[in-house]
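Colleague: I am new to this structure and would like to learn how to read a few of its features. Please show me where to begin.

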There are 2 protein chains.
Amino acid sequence: MSRSALRIAVVGATGAVGETLLALFSERQLAFDALSLVASARSAGRTIVARGETYQVEALERFDFSGIDLAFFSAGSAVSLQWARAAAKQGALVIDNTSAFRMDPRTPLVVPQVNGDLLRRRPEDGIVANPNCATIPVVRALAPLDRRYGVRKIVVSTYQAASGAGLTGMEELRSGARASLSEERVEPSSGRFKVPLAFNVVPSIDVMQGSGFTLEEQKIVQESRKILGRDDLLVSATAVRVPVFNGHSEAVYFECEAPLDRAEIVEILRGAPEIVVHDGEGAAGFPTPRFLPDPDRVHVGRIRVVPDNPHAGWLWLVTDNLRIGAALNALQIAEMAIAHDLL
Amino acid sequence: MSRSALRIAVVGATGAVGETLLALFSERQLAFDALSLVASARSAGRTIVARGETYQVEALERFDFSGIDLAFFSAGSAVSLQWARAAAKQGALVIDNTSAFRMDPRTPLVVPQVNGDLLRRRPEDGIVANPNCATIPVVRALAPLDRRYGVRKIVVSTYQAASGAGLTGMEELRSGARASLSEERVEPSSGRFKVPLAFNVVPSIDVMQGSGFTLEEQKIVQESRKILGRDDLLVSATAVRVPVFNGHSEAVYFECEAPLDRAEIVEILRGAPEIVVHDGEGAAGFPTPRFLPDPDRVHVGRIRVVPDNPHAGWLWLVTDNLRIGAALNALQIAEMAIAHDLL
């Protein structure tokens, strides 16, 4: 198929990730022939401008995927579980941004810079899964270190932004902060977070599991192992929402088979694809989510080797969760699938 | 000495910790005969109301400690290094809230609920050190677990509030958040934090060391070992400032010699002094710094055992850093010193 004949559908076009995906289509000049913007019946009929053209949002319930080559799904797991297989059966390659199929053994879970090789052939069920926003930076930074040192254990604490809960999450942080500063009465329990996020940190993202870990924490564990191809890897995480609008940060402690060398880690990460190392340079010397210079790169700072345990180290990762954590990774999957003629 | 004849000096009386200490004198009905409020020459002459009486702040440079039984120092390490030994030589028992003497082998570093036994005799140099605000919750929660399971490794990621940088830190967060919400121009680099804290997280607290760890991170490592009396303990930390006004949170991963039992950990911590366990009860089921019900307790939630490594677990700790992390611990040292007739 010629690249310009590409017919694309974006399911969840009115959400935070869908919006970012449309912006990236322009920025990265994805060539396509037809674009369908699809959302729930509630959003159907709205108009959205993408790449200078106006599109009318179509209702998913009535949408026909038979003419579609590539379908991005980012409207939640329930929507993907209900519609993605049907879309794939009608011939679309589905790039699914939810957790619906990530752990399905038939479904490749792809971070192009880490395991893009999986895109050399079309997946048997026509679905490629995009990992969780907190998993992608961890595997992007640790894959090259795993090759050199043999990572055996990862302990992650996250500092995740409101945008991970969508546009309404960002709005809730904004209005909550405003109310708090003007000492208005704030509702103690609100919509998108389990307790108000403004001037607070909330150590619970997604549904609590029987193990006492949340689904978000479980995703980081299971997905990291699957992407790195390391079932034996010890991974554990605490996932925390912080009052930042956009940009996830992660404090990543890791242990390796081989002893670590700080200067060498800096060098390895400087050579890794689309990673920016902050090693004391610049105003702050480390990345922070509010002042992220290039949102299409994984930013790594605070690179340390533990003085009394040279097999252990730390990284501080900051990424634009809507881009690298979701839309950009999905689009890079699409770009690689196109390059490999999978469509 | 009768308790009511106690003569107290508070050095740093105009700061966030000094203010909290004075509030606690009333709340806990500390009986004293005379109180001197001491601060830098810049603050001298100000009046402060404590326990219903008005006091004039005295200048440290001209203050005579010879009539003082108990002197609290919380005006920064430089001030303590310059004045605390002289105050102790003049006869005061100094309770120092800075890092000036914490790692001095002559100086007991005390968390009353953990190693209060050290207060059975007066320290040879007359100084008792109060640990760092991020260390205290870690040793409070892990000491009882160490006795049962033998802790061998601790990995801490902190979520520390603006109040750790004093009243000006809190004000900077407030004005920065206001400016950000009204889209005013915010200075990219400001006074109390290395980059603006509002709607951001800043992975750097206190001075960077040659090791690549910050002094704050190094304090957590060294002080935890000293308080728990465990030189062999592997401790490592990443210390991060978050846009919360008051209340430090910590994600604490730990590994033990013996396999862990979640229900037993809950039971042990419920029985530990002045700890509140949040185990799914209440509106949220876990503690958050903005909605901390009892600021004089260490709050523990998200108690987990790692499914594929039963020797490893997690705790989520939230504490009022001005109280438990500083003023309350100092006052509890004082109460214990008085009870043991050290003055």
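Colleague: Where is A:Ala16 found?

Modeller: This is a predicted model. In it, A:Ala16 belongs to helix 1 of chain A.

Colleague: Is A:Ala16 buried or exposed?

Modeller: Buried means under 20% relative accessible area. A:Ala16 has 8% relative accessibility, so this residue counts as buried. Leaving aside residues up to four places away in sequence, A:Ala16 touches A:Gly166, A:Leu167 and A:Leu322.

Colleague: And what about A:Gly15, where is its place?

Modeller: A:Gly15 sits in the loop between strand 1 (7–11) and helix 1 (16–27) of chain A. Its relative accessibility is 25%, so A:Gly15 counts as partly exposed.

Colleague: Which residues does UniProt list for "binding site"?

Modeller: The unreviewed UniProt entry lists several under that name, including A:Gly15, A:Ala16, A:Arg42, A:Ser163 and A:Asn321. The listed residues span 308 residues in sequence and the farthest two C-alpha atoms are 25.7 Å apart, so they do not all gather at one spot.

Colleague: In what order do the six strands form the open sheet?

Modeller: The order in chain A is 5-2-1-6-7-8, with parallel pairing. At the edges are strand 5 (58–59) and strand 8 (127–129) of chain A, each of which pairs on one side only. Strand 1 and strand 2 (residues 34–39) of chain A pair over five bridges, and A:Val10 stands opposite A:Leu37 in strand 2.

Colleague: Which strands does helix 2 of chain A lie across?

Modeller: Helix 2 (residues 77–89) lies across strand 1, strand 6 (70–73), strand 7 (93–96) and strand 8 of chain A. Helix 2 runs at about 175° to strand 6 of chain A.

Definitions and conventions
Residues numbered from 1 in each chain as written. Chains lettered and ligands numbered in written order. Predicted model: local features only at pLDDT ≥ 70, side-chain atom pairs only at ≥ 80, totals over all residues. Heavy atoms only, no water. UniProt positions renumbered as here; feature names shortened; annotations may be inferred. Helix = DSSP H or I, 4+ residues; strand = E, 2+ residues; numbered from the N terminus. Buried < 20%, exposed > 50% of the residue type's maximum accessible area, 1.4 Å probe, protein only. Contact = heavy atoms within 4.5 Å. Pairing = 2+ DSSP bridges. Axes fitted to C-alpha atoms, helices over the stretch in contact; angles between N-to-C directions.
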